[in-house]
Amino acid sequence: MAWAVKKPETRYELLARAMRFSHAGDEDHAKGWSSAAKRLIEVAPEPVRVLDTFLLRFSPNSWSGSLADILATRMPLIEALKQHSKAEIADWANAHAPAFAASVDRQRDHEAADHRKRDQAFE
């Protein structure tokens, strides 16, 4: 964090790009914010920029199985911030939770349609 303080306009966001956001050993199964990510969100002069960076990282570059299931594990991360003591952070969570949940639902629908299409191809 001391490194980020020296150039806050860019370095907090750079840390958010690089650090583990979940305390789970495998970020495809996120359980809660890592202690470093929580601290970064707390101390960043512009926490929304940090949160936006984490949000972009919620979608993995590669995965196996259901992407919807992986994305659904990120919902508790957003939900955990809805009652945050800093209004800016709580507002961000309350604004992004419905859209993120909708994107998970769209992905589930897409996966279900894809499975149906594949199943019909075998008939």
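## His84 and its contact with Glu42

The side chains of His84 and Glu42 are joined by a polar contact of 2.4 Å, where a polar contact is a pair of N or O atoms within 3.5 Å, one able to donate a hydrogen and the other to accept it within protein, with residues adjacent in sequence counting only if both atoms are side-chain atoms. This is a predicted model, in which local features need pLDDT of at least 70 and side-chain atom pairs count only at pLDDT 80 or more, while totals for chains, interfaces and linings use all residues. Residues are numbered from 1 along each chain as its sequence is written, and side-chain values use heavy atoms, with hydrogens and water left out.

His84 lies in the loop between α6 and α7, the helices being DSSP runs (H or I, at least four residues) numbered from the N terminus. With a relative accessible area of 17%, His84 is buried; buried means under 20% relative accessible area, exposed over 50%, and partly exposed in between, for a 1.4 Å probe and protein chains only. Leaving aside neighbours within four places in sequence, His84 is in contact with Glu42, Ile89 and Ala90, contact meaning heavy atoms within 4.5 Å.

Helix α3 covers residues 35–43, and Ala37, Leu40 and Ile41 are buried in it. Seen down the axis of α3, these buried residues fall within an arc of 100°, so they line one face of the helix; the arc is that of the directions from the helix axis to the C-beta atoms. In α4, the buried residues are Pro47, Val50, Leu51, Thr53 and Phe54, and seen down the axis of α4 they fall within an arc of 155°, so they too line one face of their helix.

The two helices pack at an angle of about 145°, with their axes 7 Å apart; axes are lines fitted to C-alpha atoms, for helices over the stretch in contact, and angles run from 0 to 180 degrees between N-to-C directions. Where they meet, Ala37, Leu40 and Ile41 of α3 face Pro47, Val50, Leu51 and Phe54 of α4. By class, this contact has seven nonpolar, no polar and no charged residues, with Ala, Val, Leu, Ile, Met, Phe, Trp, Tyr, Cys and Pro counted as nonpolar, Asp, Glu, Lys and Arg as charged, and the others, Gly among them, as polar.

## The nonpolar core and Trp33

The largest nonpolar core has 28 residues, of which Trp33, Leu40, Val50, Phe54 and Phe58 touch the most other members; such a core is a set of buried Ala, Val, Leu, Ile, Met, Phe, Trp, Tyr and Cys residues joined through side-chain atoms within 4.5 Å. Helices α2, α3, α4, α5, α6 and α7 each supply at least two residues of this core, and α7 gives the most, with six residues.

Leaving aside neighbours within four places in sequence, Trp33 is in contact with residues including Ser22, Phe54, Phe58 and Leu77. Ser22 lies in the loop between α2 and α3 and is buried, with a relative accessible area of 0%, and its side chain reaches the backbone oxygen of Gly32 at 3.4 Å.

The buried residues of α2 are Tyr12, Glu13, Leu15 and Ala16, and they pack against α1, α3 and α4. The face of α2 turned away from its buried side carries the exposed residues Arg17 and Ala18.

Met1 is found in the segment before α1 and counts as partly exposed, at 30% relative accessibility. Leaving aside neighbours within four places in sequence, Met1 is in contact with Tyr12, Leu15, Met19, Ala36, Arg39, Leu40 and Val43.
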